[in-house]
Amino acid sequence: MGRAVTVATCALNQWALDFEGNLERIFRSIDIAKSKGARYRLGPELEICGYGCSDHYYESDTLLHSFQVLQKLLESPATQDIICDVGMPILHRNVRYNCRVIFLNKRILLIRPKISLANAGNYRELRWFTPWSKARHVEEYFLPRIIQEVTGQESVPFGDAVLATEDACLGAEICEELWAPNSPHIEMGLDGVEIFTNSSGSHHVLRKARARVDLVNSATAKNGGIYILANQKGCDGDRLYYDGCAMISMNGETIAQGSQFSLDDVEVLVATLDLEDVQSYRAEISSRNLAASKVNPYPRVKVNFSLLCPDDVAVPTCMPIQWRHHSPEEEISLGPACWLWDYLRRSKQAGFLLPLSGGVDSSATACIVYSMCHQVCLAVKNGNADVLADACRIVNDETYIPKDPREFCNRVFTTCYMASENSSQDTCNRAKLLAEQIGSYHINLNIDAAVKAVVGIFSMVTGRTPRFSVYGGSSRESLALQNVQARIRMVLAYLFAQLTLWARGMPGGLLVLGSANVDESLRGYLTKYDCSSADINPIGGISKTDLKNFIHYCIENFQLTALRSIMSAPPTAELEPLVDGQVAQTDESDMGMTYAELSIYGKLRKIAKAGPYSMFCKLINMWKEICTPREVASKVKHFFRMYSVNRHKMTTLTPSYHAENYSPDDNRFDLRPFLYNTSWSWQFRCIDKEVNAL
């Protein structure tokens with residue numbers, strides 16, 4: 001005899017503090033789950049208020065409005081006859097917790113607070129919440145009056161407990177608890193819990209999805225059981241993109257896989273599984289059964305409700321599938337593109353403007369916007385009414401239907417090549433050709449008049465005229481002249497972003513896109529308040545190496561042949577005078593290090609937590625075939641000098657899509673001083689001592 005249960009999980013594109021929109025998306029997910037026969041529905045972490053509320057969690061309004069949304073959910077006929085598991089903040093005995101509220105037929109069954117809080121990298125949950133530290137302990141939570149009036153309950157169980165329905169036992173985990181070394185599913189599984197749930201707010205990082213999938217599958221591989229994971233998706237108002245990947249796993253194998261990147265605001269996965277398969281799997285794991293006989297039991301909340309399907313013997317159950325992972329190049333093409341779309345539609349702007357230099361970084365940014373246009377056209381073709389409505393509003397045409405990515409790109413994307421006397425014709429041609437191939441509205445302009453005017457003011461006031469070093473000027477003069485060009489481009493970018501559509505007789509304004517990569521930001525190889533200063537930057541968390549691989553991907557997948565000449569050209573800022581009409585300045589020569597070296601420095605500094613001395617010790621082994629210890633010492637010292645001299649630039653870094661774990665983003669992810677003793681005298685002396693010994 002089978003025991004088939006049908007369960008649903010979802011990925012929702014929630015938006016911080018958008019209570020109305022969040023409620024509507026929750027209702028849609030419940031409707032879809034019920035229409036597919038599910039008896040249990042799981043949603044993402046803190047889905048009612050949106051995960052990224054940050055310091056708004058301190059406000060009583062956030063708690064109040066969350067309960068108002070919960071009230072709407074409880075009293076709606078849409079939530080009847082299905083166990084609903086939603087996330088929201090709750091104040092219990094004047095302590096704020098990140099909670100799951102599990103309810104059925106206008107009755108709250110259990111409020112389960114989060115036990116392990118995420119507090120590393122981009123996460124700051126301990127700033128706003130307190131972890132529940134009372135294992136297997138349940139207290140009485142007194143409901144606010146607006147909830148009592150709906151449920152008829154004065155108080156409900158609050159704490160670390162599991163649900164016992166008529167035919168199955170369910171236990172909840174919340175996001176970080178899956179990643180913890182002592183995950184609750186271990187003890188819950190030993191105590192007979194058959195269905196584990198995890199509501200997550202897990203954001204995208206390149207190459208991270210595989211680790212998440214492996215953790216879910218391994219959770220049930222050793223212990224048996226069904227694991228259901230829900231996740232936030234999209235940009236909810238910050239630098240992060242939550243990448244969905246809702247999934248259902250059983251006995252170590254993936255049963256259902258949700259998309260990692262899509263423009264669907266609501267995605268629901270439903271699977272029918274046989275609980276007998278869990279019992280059979282566990283029956284022959286003797287080590288598990290021995291441990292289970294000694295386990296400390298969880299409090300059980302009895303639920304007079306069956307998860308079983310009617311005629312469950314005849315119901316077909318779902319079979320294992322092979323998880324399909326995206327390549328890093330596909331992730332770059334899709335993740336930042338979806339993030340840009342969310343930012344564009346939610347900011348209610350009319351498109352983007354990008355200073356397109358004809359180099360790898362700005363070209364990669366243009367390709368991401370083009371990929372976004374592809375995603376929009378594909379979503380509309382597949383019947384996504386939300387995307388169509390947003391596209392019509394953005395282009396200010398109610399009858400518009402985006403079908404051709406190049407045509408849509410022309411409506412929402414403006415590129416601008418800003419030439420100077422130091423620009424080569426080659427980069428101008430490359431930018432123009434790429435703009436033609438992606439379909440952007442392209443502008444060519446020359447900034448020399450503005451540069452001369454600004455330098456002329458300085459000369460009039462001081463009586464001195466700065467010169468480039470090739471004309472006999474000092475390095476200070478040359479750098480100042482380069483910075484003037486770079487900063488004027490930023491001013492012009494914002495001017496054209498505000499007025500280009502006005503000049504074309506169209507409504508709205510444009511968001512300015514930045515295009516500094518993560519390696520240049522780390523080294524500080526950018527002018528403060530130049531074109532790296534923008535509204536948002538889709539490549540600010542991506543390395544030069546990954547961007548080059550992404551360019552190759554675009555050549556093959558989007559047939560953008562203009563990118564071939566861009567890839568073959570040496571990276572250059574084109575801020576110094578040409579020599580015989582050719583570029584003499586190159587990025588790697590200016591930086592005194594290669595982009596490949598920069599990626600290594602970045603990973604050692606942030607991920608390996610290495611200071612100057614530790615980095616030197618690691619690199620003398622990593623580079624022993626190519627560098628002497630003295631050369632390694634010189635490279636490490638040069639990196640740390642440049643990094644520390646330029647760290648102040650990170651305080652004004654344009655908000656960037658977070659994609660790499662060695663990002664130097666000063667806002668939340670990489671907290672460091674911005675005024676250093678740049679001589680690093682003690683640290684460098686330790687390096688010198690080792691060099692002399694070697």
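I started at Cys175, which is buried at a relative accessible area of 4% (buried is under 20%, exposed over 50%, partly exposed in between, with a 1.4 Å probe and protein chains only). I am working on a predicted model, where local features need pLDDT of at least 70, side-chain atom pairs count only at pLDDT 80 or more, and totals for chains, interfaces and linings use all residues. Residues are numbered from 1 along each chain as its sequence is written, and side-chain values use heavy atoms, without hydrogens and water.

Cys175 sits in the loop between β9 (169–174) and α5 (helices are DSSP runs of H or I, at least four residues, and strands of E, at least two, numbered from the N terminus). I noted a positive phi of about 40 degrees there, although Cys175 is not a glycine. Most residues other than glycine have a negative phi.

I then looked at Glu176, in helix α5 (residues 176–179). Glu176 counts as partly exposed because its relative accessibility is 26%. Leaving out residues up to four places away in sequence, I found Glu176 touching Lys114, Ser116, Leu117 and Ala118 (contact means heavy atoms within 4.5 Å). I also checked Ser287, 111 residues from Glu176 along the chain; their C-alpha atoms are 26 Å apart.

**Leu46**

I found another positive phi at Leu46, about 50 degrees, and this residue is not a glycine. Leu46 lies in the loop between β2 (40–42) and α2 (60–75). Leu46 is buried, with a relative accessible area of 0%.

**Helix α23**

I looked up α23, residues 629–645. This helix has 17 residues and reaches 24 Å from first C-alpha to last, close to the 24 Å expected at 1.5 Å a residue (the expected span is 1.5 Å times one less than the number of residues). I listed its buried residues: Val632, Ala633, Val636, Lys637, Phe639, Phe640, Tyr643 and Ser644. Down the axis of α23 they fall within an arc of 165 degrees, so they line one face of the helix (the arc is that of the directions from the helix axis to the C-beta atoms). What covers them includes α17 (518–523), α21 (595–606), α22 (612–622) and α24 (681–693).

**Helices α11 and α18**

Last, I checked how α11 (residues 360–381) packs on α18 (residues 544–557): the angle is about 55 degrees and the axes are 10 Å apart (axes are lines fitted to C-alpha atoms over the stretch in contact, and angles run from 0 to 180 degrees between N-to-C directions). In α11, I found Cys367 and Ile368 among the residues that meet α18, whose side of the contact includes Phe550 and Cys554.
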